[in-house]
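Here's a quick tour of one protein model for you to follow along with. Keep the picture open while you read.

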Amino acid sequence: MKIIRLFLILFLFPVLACCQKTPILFQHVRVFDGVQVTPSADVLIENGVIKEIGPTVAPGNAKIVDGTGKTLLPGLIDAHVHVHGAETLEQALIFGVTTEFDMMMPPRLEYQLKSEENDHMASFLSAGNPATVPGGHGTEYGFVIPTLTKPSEAESFVDARLREGSDYIKIMYTAGVSFGPRNSRPSISKETMAAVIAAAHARHRMAVVHIGSASGARDAIEAGADGLAHIFHDPSSPRDFGQFVAAHHAFVIPTLSVLHAVCGPESAGGRLVSDPNLSPYLSRENINRLQETFPSARSGMISCRGGTQAVAQLETAGVPIVAGTDAPNPGTTYGASLHGELQLYVEAGLTPIQALVAATSAPAEAFHIPDRGRISPGLRADLLLVNGHPDEDILATRNIVAVYKAGHEVDRRKNSH
Ligand SMILES: [Zn+2]
């Protein structure tokens, strides 16, 4: 009997303690639900999910959070990063990014981190190894990755990626890039790209394409890509680009944060460093990374204008804009850069609400993750509580009060100094 009781205390109690989270009632809070704003509502979360919205009655043990003057948003989603380790997922979470879509990482690390996932790390999906040719973009990072050269290899290539655990397929298509960091590399052909996309679709998986030019973007869309993993850095955007992408029902992850580090003269990340709401949570290494640019930025030969124009065109044409940063490339860092990306969208012509959609409901919809990206009953309680009205002033997303991953309040002090 004693042994059984000891067993219960030692083993069962910690299990219950770990998974039974205190219900939380947010009272009188402004709610951006992923699509629209409700000026004042009560939101109850329980057992890691959103339970109820509206004037609601809390269970006796609920923690009450006064939401007066604050806005509750779905946890943010960064749809283009490269996950480098558990600490990079922890960093993202501290800045309110509760889910990340990785666009190339070693499958072994992907497997390890997915099996270690906990409430202190952002969740992630991953492309794993990308589809590229020998010597193509993706092969320059010092480790060997599989490659392919012709359409007949596409099916077995995609099967191998799915066996490794890829959630979707990423293709590196650099045709048409005449300057910048990737110009001297060979690219997968349009035909092989189309065959890889078809193979992914036949297996009910998505295919997203890295591009660097407007002509490359057009090729990828024509080949059937679900989305573009970047916008191009041409000096101007073709006039019909928005309509063209809309007609093909594709989405675009603009990654203006990394584009600004390519076109320069300064990275857009540099201005995040001086933001008093972000800087206390940035390490020296983060700051150095945010201030970095690519060598091309100093040449003055590449313009951010075409990419920025394209973002406005795409929004007008009704193309889903899906926010992504390409962290940790020069000029970017996990989490903090997503706030900078949203500011760049507003500067490109989006309303603050359209920018918020791009980092919440749009990525969840584009990547078919129905339990995230909105504040709605039954969804995972990934939430961001901020001071002010980010739907009116996008900079308010940085004024973070609290971050919740699956109903668990994140300890943000971990990264602070
Ligand atoms: Zn990338």
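Where is proline 265 found? Proline 265 sits in the loop between α8 (256-263) and α9 (270-273). Before we go on, note that this is a predicted model: local features need pLDDT of at least 70, side-chain atom pairs count only at pLDDT 80 or more, and totals for chains, interfaces and linings use all residues. Residues are numbered from 1 along each chain as its sequence is written, and side-chain values use heavy atoms, with hydrogens and water left out. The helices (H or I, at least four residues) and strands (E, at least two) are DSSP runs, numbered from the N terminus.

**Cis peptide bonds**
- Most peptide bonds are trans.
- The bond from glycine 264 to proline 265 is cis, with omega near 10 degrees.
- The bond from alanine 327 to proline 328 is cis too, with omega near 5 degrees, and proline 328 lies in the loop between α12 and α13.

**The zinc site**
- His80 (NE2), His82 (NE2) and Asp326 (OD) coordinate the zinc ion at 2.1 to 2.2 Å. Donors here are N, O and S atoms within 2.8 Å of the metal (3.2 Å for Na, K and Ca), and water is not among the atoms, so sites may look incomplete.
- Along the sequence, the donor residues are spaced H-x1-H-x243-D.
- Distant parts of the chain get linked here: histidine 82 is in the loop between β6 (76-81) and α2 (86-94), while aspartate 326 is in the loop between α12 (305-316) and α13 (336-348), 244 residues apart.
- Histidine 82 and aspartate 326 are both buried. Buried means under 20% relative accessible area, exposed means over 50%, and partly exposed is in between (1.4 Å probe, protein chains only).

**Two helices crossing**
- The axes of α4 (residues 154-164) and α5 (residues 190-202) come within 8 Å and cross at roughly 50 degrees. Those axes are lines fitted to C-alpha atoms, for helices over the stretch in contact, and angles run from 0 to 180 degrees between N-to-C directions.
- So α4 is oblique to α5; angles under 35 degrees count as roughly parallel, over 145 as roughly antiparallel, 65 to 115 as roughly perpendicular and the rest as oblique.
- On the α4 side, Ala154, Glu155 and Val158 make the contact, and on the α5 side Ala195, Val196, Ala199 and Ala200 do. Contact means heavy atoms within 4.5 Å.

**Helix α6 and its surroundings**
- In α6 (residues 214-222), the buried residues are Ala214, Gly216, Ala217, Asp219, Ala220 and Ile221.
- Those buried residues pack against α5, β10 (207-210), β11 (227-228) and α7 (241-247).

- Most residues other than glycine have a negative phi.
- Methionine 104 has a positive phi near 160 degrees. Its place is the loop between β7 (97-102) and α3 (107-116), and at 9% relative accessibility methionine 104 counts as buried.
- Alanine 406 has a positive phi near 45 degrees. You'll find alanine 406 in the loop between β14 and β15 (408-409), buried with a relative accessible area of 12%.

**Threonine 397**
- Threonine 397 is in the loop between β13 (383-387) and β14 (400-405), and is buried, with a relative accessible area of 0%.
- Leaving aside neighbours within four places in sequence, threonine 397 is in contact with His339, Leu342, Leu356, Leu384, Val386 and Pro390.
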